[in-house]
Amino acid sequence: MKPARERIAGSVANFVDERTGAAKFLKKSLNKVFPDHWSFMLGEIALYSFIILLLSGTFLTFWYVPSQEELIYEGSYVPLKGVKMSAAYSSTLDISFDVRGGMLMRQIHHWAALLFLAAMVAHMMRVFFTGAFRKPREMNWILGVALITLGIVEGFLGYSLPDDLLSGTGIRIAQAILQAIPLIGTYAAFFAFGGEFPGLDFIPRIYTVHVLLLPGIMLGLITVHLMLVWYQKHTQYPGPGRTEKNVVGYPLLPVYMAKAGGFLFIVFGVTAFLGAVASINPIWVFGPYTPTQISAGSQPDWYMGWLDGLVRMAPPIETYFFGKTISWNILIPGLIVPGIMFTGLALWPFIEAWATGDKREHNLLDRPRNTPTRTAVGAMAITFTIVALINGGNDIIATHFSLTINQIMWATRISIFVLPPLAYVITKRICLALQRADRDLVLHGRETGRLVMLPHGEFVEIHEELSPQEAFTRTSHEQLAPIPVAAIDANGVRPKGVLKDRIRARISKGILQEQIAKPTAKEKLELGGGHH
Amino acid sequence: MSNKELEPLQDPGLPAHAHRKADHDEAAANRAERQVAILFLLSALGTVLFIYSYIFIENNIYIYIPILGNQHAQQLFLGLGFAIALFFIGAGAVHWAKTLMSDTEVIAERHEMRSSDEDRAALIATVKEEVGAVGLGRRSLIKRSLALSLGLVGISPLLLLRDLGPLPGDVLNQTTWAEGVHLVTDPGNRRLRPEDLEVGAVAHVLPEIEDPEHRSLNSIAKDALLLIRIRPEEFRLDAERLSWTYQGIIAFSKICSHMGCAVALYEQTTKHLLCPCHQSTFDVPTGAKVIFGPSARPLPQLAIKVDDAGYLVAAAPFNQAVGPSFWERKK
Ligand code: HEM
Ligand code: FES
């Protein structure tokens, strides 16, 4: 007779399976294999911080009052007693000072939001630099871009909710961007705000968007994102025994499950620790929002900071044609540049496939050095964003390093054009140098620092040969040939669409030609033992 | 250069599995088990600390901690307890997985995402057959009327959003300021005489209204003024703009012409107004011309004068819309 526990489990399983046929699916799923690498945890961190946001955010909703009605504060934070403020601000003060654990939860929620976006960005960089977005995973890349975009909006709406002086200033700026849209801007702003700025409707409205609409959409997108990972199976880094046709890793049960579940708790623990000891967004210091005041050194959260930096460095251009005003100083940094950046990001997998002519499925990841152009483009985009972010904090930098705003502004205005191309060139050089280093390592082995004297008195350093596994890892990548230019046929007639093909051939040459030829088996054999 | 004909290095295959100590040494395995248990117990202690802090630490105790400074004791220990409780469950689980659970790597096969040609063909055939059975191709009346109604039905939800807000109308061009409206201090709501403002001083001003206790933020967001006094001879303005000042006192909209932040900083020595949001800098003597930063327009100037009793009043409404630009804005 089986023990009672097993019998009960057995009959529950039987009940479920007879009604759903779940056993067949589960048997297959539990055998799923997950490759292990630290960089695969970045997406997990994003997922876990989203879960933390759902939990801590729900806690906040029990006390937060989404209303801009004015009242007199009577809570226990003495410096603001008797001050006129909105119900939203007052209730956020209550959460902070009169609800036990409320301050902790607010801080956990805000730290988790920063972590959520940081993890998404890091995850996206991992996917980008290793080429994990290539066929068949382009859809998941686009879902990822959508999630980051929604995450930025969600975070912005979140820190607008407390209606303190800082967040009110952020809303003012958002309203100005909306209002600057040609043709429909004024209407869009009036509809969003229920009239003029600030009105009484905006916070109740973004509250619904923040706690229901966007989290709901994101939850849906995350679900599809994970289902696709599941279905398409995870990519893996190249190495011995790993091919395009297999997955090497740990089965879901028990190792992967235990590690992933444990990791959720670790991430939650770390955010709780930050929430306990590291103050964030101390809204009681800023005071309630009023349009006539501003706290010096106003800073948005970092994921908005780059936008603010672009706005700050924009040239003061506004045009007036046919009685209509267009604010280029707002449109370019606030909508056009970010629009181009995010569209380019979303389309990148297709741009790259077009330019290299590579339309095959890829399950093995690239080592970033082996795709110098892609790596360099990534470095260029990151440099651009960092320069913008630095200018977003120009007032703080100015006071810390005793520079003038003027100096920083001009430095970043110039840098934003000069540094990204420079980053491109340097990164490409570095990649090629690393390829060369790989080639040397494979052919000549590793320097050991030990010298020996040859019979005729010459000193040479002993080189230790790489293990076959290491050598394989460094050489298993493909080196594609550029797309050939379509030839002009015998009669001198150009085939149709030749200009487009030419451009493409030219681009693909730029991308693919500059490679350090990887060592072949023959070369390695000829060199023999490795010392020479 | 193509490397196709050049043979690459051979795949040596998956490296041999390296066993951990606990896999074959019973004592090591027992030790690992104890370690995992200790981690889980630490988590339990964290929860005890959490419960203790929630019930027994008063809400008004602050303690000094080096580096962190003064900390609210209850929230600090609640947080630390919570963090310990969560973190060590995770640490225990991961340690367990690493030391005791099977760590053999396994290989699974992948299959191309593309369906087989037969499946594809079969799908196309089915779709064709079913679509054919519906007969849309022949019944073009149905097809067209369906497209029409589907297109129209999308309008309803958009129309429903219409009542989100009023139409802009002319309100963006209007403020409370009109001829004879008194300038009053913000805060305080006291009327101002020119003598109240020394040369070099700046005052924050709103229009006088009947019930200043219930001034709406909407009107504040358009009405707020900065009043600055310099020596009259320092102005470099045309005759009309100069006539809008009074004995060296000049009034500007405090709402930034860039994106509407409060232009709150006045530098007396340089006579510059600075908006902290994106550092647009306005030069007072030349009528708030932009000398730095992203703003493309000067701050609108309000014409002022004094009334019979010697109080400052507006001489006319603003001659343009205040605050950030918009499509319909007059130059
Ligand atoms: C999914 C991503 C989310 C992000 C990035 C995010 C971000 C934020 C941020 C940065 C704040 C400001 C907190 C502060 O410093 O005071 C905030 C506030 C708030 N969030 Fe979220 N949030 C998310 C999801 C949620 C969810 C799912 C809920 C509820 C179900 C929620 C409820 C709230 C509430 C009620 C507040 C205002 C209370 C306060 O500020 O203390 N959030 N959010
Ligand atoms: S709002 Fe004043 S500079 Fe941007």
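This is a predicted model: local features need pLDDT of at least 70, side-chain atom pairs count only at pLDDT 80 or more; totals for chains, interfaces and linings use all residues.
## A tour of packed helices and paired domains

Helix 13 and helix 18 of chain A lie roughly perpendicular to each other, because their angle of about 95 degrees falls in the 65 to 115 range.

**First stop: the helix pair.** Select residues 328-356 of chain A for helix 13 and residues 498-512 of chain A for helix 18; their axes run 7 Å apart. Now show side chains where they touch: helix 13 of chain A brings A:Trp354, A:Ala355 and A:Thr356, while helix 18 of chain A brings A:Arg504, A:Ile507, A:Ser508, A:Ile511 and A:Leu512. Colour this contact by residue type and you will find five nonpolar residues, two polar and one charged.

**Next: the domains of chain A.** Colour residues 35-366 of chain A as domain 1 and residues 436-527 of chain A as domain 2. The centres of these two domains of chain A, taken over C-alpha atoms, are 42 Å apart. Their contact draws eleven residues from domain 1 of chain A and twelve from domain 2 of chain A. Between them the two domains of chain A bury about 970 Å², with 66% of that on carbon and sulfur atoms.

**Zoom in: a charged pair.** How many salt bridges are counted between domain 1 and domain 2 of chain A? The count is one. For a salt bridge to display, pick A:Glu478 and A:Arg360, whose closest N and O atoms are 2.8 Å apart.

**Last stop: chain B.** Select residues 21-99 of chain B for domain 1 and residues 174-314 of chain B for domain 2. Here 58 Å separate the domain centres of chain B, again taken over C-alpha atoms.

Technical notes: Residues are numbered from 1 along each chain as its sequence is written. Chains are lettered from A and ligands numbered from 1 in the order in which they are written. Side-chain values use heavy atoms; hydrogens and water are left out. Axes are lines fitted to C-alpha atoms, for helices over the stretch in contact, and angles run from 0 to 180 degrees between N-to-C directions. Helices (H or I, at least four residues) and strands (E, at least two) are DSSP runs, numbered from the N terminus. Angles under 35 degrees count as roughly parallel, over 145 as roughly antiparallel, 65 to 115 as roughly perpendicular and the rest as oblique. Contact means heavy atoms within 4.5 Å. Ala, Val, Leu, Ile, Met, Phe, Trp, Tyr, Cys and Pro count as nonpolar, Asp, Glu, Lys and Arg as charged, and the others, Gly among them, as polar. Domain bounds come from an automatic or database domain assignment. Buried area is the accessible area (1.4 Å probe) that two parts lose on being put together, summed over both. A salt bridge is a side-chain nitrogen of Lys or Arg within 4 Å of a carboxyl oxygen of Asp or Glu.
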